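Please read them with the model open.

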Amino acid sequence: MLAQFDSTWVQPTFDYHAFAPEIVLVCVLVVMILVDLFAPREAKGALPSLAGLGLLAAAIPVITLAVSGHTRVLFGGAYVVDQFTLVLTAVFLVTGYVVVLLSTNTIAEGDYWEGEYYILILSSVLGMMIMASARDLIGIFIALELLSIPAYMLAAWKKRDLKGNEAGIKYYLMGVFASAVMLYGMSLIYGFTGTTKLVEIGAKLGQPLGDGRQLVTLGIVFVLIGFGFKVSAVPFHSWAPDTYEGAPTPVTAFLATASKAAGFVALLELIFVAFYPRADVYEPLMWALAAATMTIGNLIALRQTNLVRMLAYSGIAQAGYILAPFAVAGTSASVGQTAIKAIVTYLVIYVVMNLGAFAVVIAVARKTRSAEITSFAGLFQYAPGLTVAMSIFMFSLAGIPPLGGWFAKLVIFGSLASAGTTSGYVLAVLVAVNSVIAFFYYARVMRYMWMEEAPDGDRTPIRIPASLQIALVLTVGVTLIYGVFPGLVAHFTDTVSLLSLGR
Amino acid sequence: MKSFLDDWGLTLATFIPLVGVAIMLLVPKAEEQLHKIIALLTTFAVAGMGVLLLTNFDYDRAGELQYSINRSWIPFINARYHMGLDGISLPLVALTMLVVPLCIIYSWNHFPEPQNPKAFLILILILETGMVGSFLAEDLILFFVFFEVVLLPMYFLIGVWGGEQRQYASIKFFLYTLFGSALMIVSFLALYFLSDKVMIDGVSVHTFDMTLLPAAASGISTSAALLIFGGMFMGFGIKVPIFPFHTWLPDAHTQAPTVGSVILAAVLLKLGTYGFVRIALPILPGAARSWAPYIGALAVIGIIYGALCCLAQTDMKRLIAFSSVAHMGYVMLGIASLTAFGINAAIFGMVAHGLITGMLFFVAGTVKERYHTLDIKRLGGMLQSMPHLGWILGLCTMASLGLPGLAGFWGEFPAILSAWEANVANVGLFRFYMVIAAIGTVLAAGYLLWLYQRTAFGTPSDEFADDPHLHDVSVLEWVAWLPMLAGIVILGFVPNIIFHVTDPAVIRTVMTSLNRAGG
């Protein structure tokens, strides 16, 4: 085992282009810290803009990398920049940008620390970007911590609020516990395979395992469960609703979209590159997780009266749909490929429509100071634009054409059906039944907005600040365009592949 | 002209309403009159497009898809933008394009509470796109999208502009249909993956194309085909609705605003039966044979059950709603017979039911508006207080009960007759169904005549004796109704207008497939 440390040190070739998005973001972070420290108080108002522009600037090298086209493998395969990385990096950057837009007014007007807030958001996004590239157990772990630790702090950002503290501490304790479970699993896998690189693990697990079988199984289960916490899969979901409710709403939006997507990215990398040969372990586990997550998430969502909590449970249910393709992924390489595309497609659309829904919640809360569903009553009478936008997001989450969500659902159904196995079809029917259950609570929001009277007859219009307007236009536009021309999103996700590395 | 229609005809016919929606979104809400004019002109434009399509349609080749357009849409899953018009779609497209403008004319001066013509009309226009698109789509995914697009506006029409129980009715309507269509989409995907690959643009791929699937799907194993058909049956059957999935219908109809009921009855229900004829039967003929006896059984149960429920109703609108259950039972019986005769009758029945029941809902809406009640006990003497309305109601009830010479007859009678020589293994069973269905016509005559007798005959009750609100049919109402009344009479005398269009298409699309599957 020690033999590998004897080899002489070789300077790795460093591809600056491949790292450019991360480097840009780190530079922006440093500048922001300096501005926050030394700039006069008045100048600090520019921090949100700086954060937003920094995120967009980091997206430029993503585009140039996409144009240049070829896959860049760094550090002997521990860090890879390919189509998959680029699509998800772009998703994380854009999500970060929209979250900054959502935060601008809320954070400035509330009793919050402002400079640190944006710095933490950017750090967390940096962690997600690394997650999208990491193909190594240690890399994945570092990325996970880098994205999680700022998120723990952000969740407790309402300093003197009991619920805010509850949100932070719950999220932190559950997150650390999950990390511990996952690390233990990783150590077992490392112990058996003697490597942390996912590709090499994949190659080792593809061979007969002999006595190590149980050990590896345990390791895989522990690692997957660790990420089960991150993506709030049932039964590891209990932190999500409390954290979502207690955190400031823009942070909730961030946790529900980007942070969850990052968890799925890690699952994708681990399952398709490292654990792929062990379908006998992860398929049943994922089947059970998916079935339980969507069903229980939906059933509990039915009873929520607070919109943010409802979105939390709806997010849990959606996580169940996203987990579903994993349950058939091992059937064959082509089914696996379909599953990767389905999951990435769903993530892209899920992030957009959920961000949009939170944007409306934030806009409405500016007037009503509440996220109770009843506070949306009569919205159509005084804010028809917001009502239509919210309806679009709710219907999209429910998967009704011609809004983005339907295509996401379709590709999930497609990947389940492509396996052609009974378990795949049963899960597909389960997703179908769940979609119907889910519609009921999405429709309740619709009912209050469209069919009820405004409480106390208060019909003063809502003034929406510019940053929120941009966020809404972006998310509504993308949701609609995805729905009508799904070919566009499919165009980006079509080339996404991880399997080739695992073979 | 012809080449323009070939390239753009169907696309324009489907999406012109959305252009109207876009314009209306830019006009402020207060300009109510302008909104009405834009909406009406839009639907006229669609109808004009329809007339062009109808006049340029090659009736000698009614069995083939015309004006087809077939473009790449979602290459990821090989879903294509494939639309076409043939003899099966044509009557239903024409019906849709006729009914929608009439609905807008009817609502011109009486929008239901809470008014807001802008939103109301925008929803109607979106609905039109969904309905026309569903009848024209030749790709399963495209069909699914249009099929679902229809749900949204109808949900809001019922939920916002409906009656007392509107929230309950609207969510019930949506959940039922969504449940069906969720299973339907799983079926479509199973079909996609289990069917053979076909050559498109020189590449061998799976397909959602309705014209290619009948051949491609022939290799699917019997057990899988039965399950896939089951999924489609749920999707289409709930929409029809077939007993026992009908319970959303009376609530939706009763609570919907008048125009919503009319469109629901005239067009939306047909999406289900159309789905059977266009998709389920041709693509899975073998499974259709196995399912036919059960579908037939549910159809006749629906006929009798619907009729009995009608006899028990005290609310006029609810009675008409249950009569829909019974009438759609005849349509389903015609389809389940799996004969060209029965399926032609079914398509005729769809159009006839659309016109007749649509008219009945118009009348019911007017009655509600004048009397402020639909309680049959309190109505009466309509022929005295509002003779024109009374006679129109008379004509519609006669048509609805299947009086020869009016449109209803040609949908009902051949459907019953087709069960005699049903194209299934167990002919005797269908003959038994036929007897039951025939008894259903007697019951239909019973509840309709009884309804007419209670509402139109006699003298007005004291409370309505000198009611000034009871003014007879207004000019706008005449304008809105005359085309439909004319349609009922003309189709009654010259049913061949529809049969000679549908017959070649039914033979080409459905029967060749069914016959290939063996009998």
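Is the crossing of H14(A) and H16(A) left-handed or right-handed? Point 4 gives the answer.

1. Basis. The model is predicted, so local features need pLDDT of at least 70 and side-chain atom pairs count only at pLDDT 80 or more, while totals for chains, interfaces and linings use all residues. Residues are numbered from 1 along each chain as its sequence is written, and chains are lettered from A and ligands numbered from 1 in the order in which they are written.

2. The two chains. Chain A has 21 helices and 2 strands; helices (H or I, at least four residues) and strands (E, at least two) are DSSP runs, numbered from the N terminus. The radius of gyration of chain A is 22 Å, close to the 23 Å given by the globule rule for 503 residues, so chain A is as compact as a globular protein of that length. That radius is taken over C-alpha atoms, and the rule is 2.2 Å times the number of residues to the power 0.38. Chain B has 20 helices and 4 strands. Its radius of gyration is 22 Å, close to the 24 Å that the rule gives for 519 residues, so chain B is as compact as a globular protein of that length. The C-alpha atoms of chain A fill a box of roughly 75 × 60 × 45 Å along the principal axes, and the C-alpha trace of chain B spans about 75 × 60 × 40 Å.

3. Buried residues make up 60% of the 503 residues in chain A and 63% of the 519 residues of chain B. A residue is buried if 20 or more other C-beta atoms, placed from the backbone, lie within 10 Å of its own, exposed if 12 or fewer, and partly exposed in between. The largest nonpolar core has 422 residues; such a core is a set of buried Ala, Val, Leu, Ile, Met, Phe, Trp, Tyr and Cys residues joined through C-beta atoms within 7 Å. The largest share of this core, 23 residues, comes from helix H14 (residues 333–368) of chain A. Tyr346(A) is one of the residues with the most contacts inside the core.

4. H14(A) against H16(A). The crossing is left-handed, that is, the near helix is turned anticlockwise from the far one by less than a right angle, clockwise being right-handed. H14(A) and helix H16 (residues 384–398) pack at an angle of about 145°, with axes 9 Å apart. Axes are lines fitted to C-alpha atoms, for helices over the stretch in contact, and angles run from 0 to 180 degrees between N-to-C directions. Among the residues that meet are Gly356(A) and Ala357(A) in H14(A) and Ala389(A) and Phe393(A) in H16(A).

5. Contact between chains. 26 residues of chain A are in contact with 27 residues of chain B, contact being C-beta atoms, placed from the backbone, within 7 Å. On the chain A side, H18(A) gives the most, with 12 residues. That side divides into 19 nonpolar, 5 polar and 2 charged residues. Ala, Val, Leu, Ile, Met, Phe, Trp, Tyr, Cys and Pro count as nonpolar, Asp, Glu, Lys and Arg as charged, and the others, Gly among them, as polar.

6. Thr106(A). This residue lies in helix H4 (residues 83–109) of chain A. Thr106(A) counts as partly exposed because it has 19 C-beta neighbours inside 10 Å.

Definitions and conventions. Contact = placed C-beta atoms within 7 Å.
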